[in-house]
Amino acid sequence: MADHIVLRNVTKKFTTKTMGDIVAVDNFNINVHEGECFSFLGPSGCGKSTTLRMIAGFEDLTEGEIELCGRLVSSSTKKLYVPPEDRGLGMVFQAFAVWPHMNVFENVAFPLRIKKVNNTDINKRVAEALKHTSLTGLEKSFPGDLSGGQQQRIALARAIVTSPKVMLLDEPLSNLDPKLRESMRFEIKALQKKFNFTIIFVTHDQSEAMAISDRMMVCDMGKIMQIDTPENLYNKPVNRFVHNFLGQSTFINVVIKDGKVYPKGNTDQAINIPIPGNVDSEMVIATRPNEIELSKSDGYKTHIEKRTFLTDRIEYLVNVGEQLVKIQTPHRIKFDRNEECYVKFVSPMWYPVDNEAEAAERAKRQII
Ligand code: ATP
């Protein structure tokens with residue numbers, strides 16, 4: 001399959017008054033395949049929007065180059081910057097709301113008018129775009145008279161009216177309520193299937209990204225942490241950051257002494273798990289709250305500190321050494337508060353202990 005979007009060694013530095021130079025995007029290499037839905041995911045300040053803006057052509061590159069559908073559109077060494085309107089992109093950006101003074105037809109027709117398309121073709125193509133976004137009949141309405149979902153569909157119709165091969169969606173659903181978000185996700189996927197465009201989707205919302213994406217990039221502090229399918233990112237996170245970012249995580253600080261694993265700060269009782277090669281004497285083991293086994297007889301002996309009934313499961317807090325560990329079980333596994341119990345960690349992942357300097361740097365980036 002051909003690559004529709006290629007970033008080669010793309011770096012973007014900003015010079016700020018208070019912080020000096022910030023490397024917002026540090027040597028990104030990304031290949032997005034034709035027809036793929038690819039999400040950028042990461043905390044505020046990780047470089048998602050800057051990367052998208054460079055692909056769109058709103059931002060130049062400090063280093064590297066970008067290719068769209070086999071055509072070089074940005075290159076720092078060749079001093080090449082194709083303007084956004086000539087990149088053949090469809091865009092739905094959060095900031096690019098629909099124009100309130102134009103009716104639905106004119107909002108959608110706008111990109112065609114800029115390209116000086118004749119009126120007969122405009123009528124035909126706008127009608128087609130409105131049909132695919134379920135807006136037929138609302139041509140003369142003004143955005144202010146329509147619902148949030150309908151307004152978002154106008155933005156989608158405007159993006160597809162030029163038949164782009166690549167669609168950039170930046171938090172396109174963030175203004176919608178959760179139910180509408182979900183149905184709009186299906187609509188975007190249906191449009192993609194129909195027109196076979198390649199999507200880059202930027203979001204803060206990990207479950208949304210997981211539901212819509214073929215592959216995702218998780219980044220942190222201007223660096224790519226991992227690119228993979230949603231399933232692999234969840235099941236095989238390469239580091240603690242990715243583990244924590246996707247789904248719920250349970251981390252336990254442990255020490256390794258005489259070939260045994262103990263919760264940090266308490267060597268009374270060992271946790272019975274195999275120790276991989278190449279571990280330091282202090283490590284973090286990671287698992288998911290629904291992957292810890294809770295029973296009456298097998299594992300690390302402790303007791304229930306807290307029990308919370310949730311609609312589809314029960315959540316328990318138990319002490320492992322001096323650390324409180326969250327466990328989620330189906331309703332049929334029942335324990336009372338203070339009851340003795342045993343916990344078993346099945347195939348946990350192992351990570352180095354927290355790097356405090358990194359945490360401080362992350363916080364700094366989010367407040368600039
Ligand atoms: P958010 O989810 O909050 O939009 P993001 O992941 O999209 O965050 P970016 O907006 O790409 O992150 O920002 C990455 C880093 O670059 C941040 O540290 C940000 O403060 C910095 N940055 C972005 N734009 C500029 C600019 N025009 N001038 C200076 N610094 C900038």
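Asn253 stands opposite Val284 in S14, in a predicted model in which local features need pLDDT of at least 70, side-chain atom pairs count only at pLDDT 80 or more, and totals for chains, interfaces and linings use all residues. Residues are numbered from 1 along each chain as its sequence is written, and side-chain values use heavy atoms, with hydrogens and water left out. Helices (H or I, at least four residues) and strands (E, at least two) are DSSP runs numbered from the N terminus; two strands pair if DSSP finds at least two bridges between them.

- Strand S12 (residues 250–257) and strand S14 (residues 282–287) run antiparallel and are joined by six bridges.

**Five-stranded sheet**

- An open sheet of five strands has the order S15-S19-S16-S17-S18, again with antiparallel pairing.
- The edges are formed by S15 (292–295) and S18 (323–329), each with a single partner strand, so one side of each is left without a neighbour in the sheet.
- The twist here averages 40 degrees from one strand to the next.
- Five bridges connect S16 (residues 300–309) with S17 (residues 314–320), which run antiparallel, and Ile304 stands opposite Val318 in S17.

**Packing of H2 and H4**

- Helix H2 (residues 104–114) packs against helix H4 (residues 148–160) at an angle of about 30 degrees, with the axes 7 Å apart; axes are lines fitted to C-alpha atoms, for helices over the stretch in contact, and angles run from 0 to 180 degrees between N-to-C directions.
- H2 is therefore roughly parallel to H4 (angles under 35 degrees count as roughly parallel, over 145 as roughly antiparallel, 65 to 115 as roughly perpendicular and the rest as oblique).
- Val104, Asn107, Val108 and Pro111 in H2 meet Ile154, Ala157 and Arg158 in H4, where contact means heavy atoms within 4.5 Å.
- By class, this contact of H2 with H4 has five nonpolar, one polar and one charged residues.

**Packing of H4 and H5**

- H4 and helix H5 (residues 178–195) pack at an angle of about 20 degrees, with their axes 11 Å apart, and are therefore roughly parallel to each other.
- Gly148, Gly149, Gln152, Arg153, Leu156 and Ile160 in H4 meet Leu180, Met184, Glu187, Ile188, Leu191 and Phe195 in H5.

How values were computed:
Nonpolar A, V, L, I, M, F, W, Y, C, P; charged D, E, K, R; others polar.
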